[in-house]
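Welcome! Take a moment to look at the sequence and the structure below, and then we will walk through them together.

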Amino acid sequence: MAKPAAPEDFLTLLEQRAPRPLSIPEMARLLDVERYHPKKLQAALEAKVAEHQLRRIGKTRYQWIRDSERAAAPPGEFG
C-alpha cells in the first residue's frame, strides 16, 4: 500500500539523491507515492528554491544544494 505524500518526504529524497536532479513524477515514483497534488508540491519546492535550499533545473526538475556547494559559492550566490 502506498503512503500519502508529504513535501518533507520529497525534500529528504532530493537531499539523499543529490547531486542528481529529479522531477516531481520521478520523486513520486521513487517514494512509491501514487497520489499527490502536483501544484501544491511544486509550490512547496519553489518555496525551498526561494530559500536557496534547492535549485530548479529547467522548468520541471529540482536539485538539493549541498552545504559544501553553498560554502564554496561566491558571496551572495545563495543568499
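A residue is called buried under 20% relative accessible area, exposed over 50%, and partly exposed in between (1.4 Å probe, protein chains only). At 29% relative accessibility, His52 therefore counts as partly exposed.

Before going further, please note that this is a predicted model, in which local features need pLDDT of at least 70, side-chain atom pairs count only at pLDDT 80 or more, and totals for chains, interfaces and linings use all residues. Residues are numbered from 1 along each chain as its sequence is written, and side-chain values use heavy atoms, leaving out hydrogens and water.

Helices (H or I, at least four residues) and strands (E, at least two) are DSSP runs, numbered from the N terminus. His52 sits in the loop between helix 3 and strand 2, while Asp32 belongs to the loop between helix 2 (24–30) and helix 3.

Strands of a sheet pair through backbone hydrogen bonds, either parallel or antiparallel. Here, three strands make an open sheet in the order 1-3-2, with antiparallel pairing. Strand 1 and strand 2 (54–57) are at the edges with a single partner strand each, so one side of each has no neighbour in the sheet. Two strands pair if DSSP finds at least two bridges between them; strand 2 and strand 3 (residues 61–64) have four. Arg55 stands opposite Gln63 in strand 3.

Contact means heavy atoms within 4.5 Å, and, leaving aside neighbours within four places in sequence, Ser23 touches Thr60 and Arg61.

Finally, the helices. Axes are lines fitted to C-alpha atoms, for helices over the stretch in contact, and angles run from 0 to 180 degrees between N-to-C directions. Helix 1 (residues 7–17) and helix 3 (residues 38–50) have axes that come within 10 Å and cross at roughly 50°. Angles under 35 degrees count as roughly parallel, over 145 as roughly antiparallel, 65 to 115 as roughly perpendicular and the rest as oblique; helix 1 and helix 3 are therefore oblique to each other. Pro7, Phe10, Leu11 and Leu14 in helix 1 meet Leu41, Ala44, Leu45 and Lys48 in helix 3.
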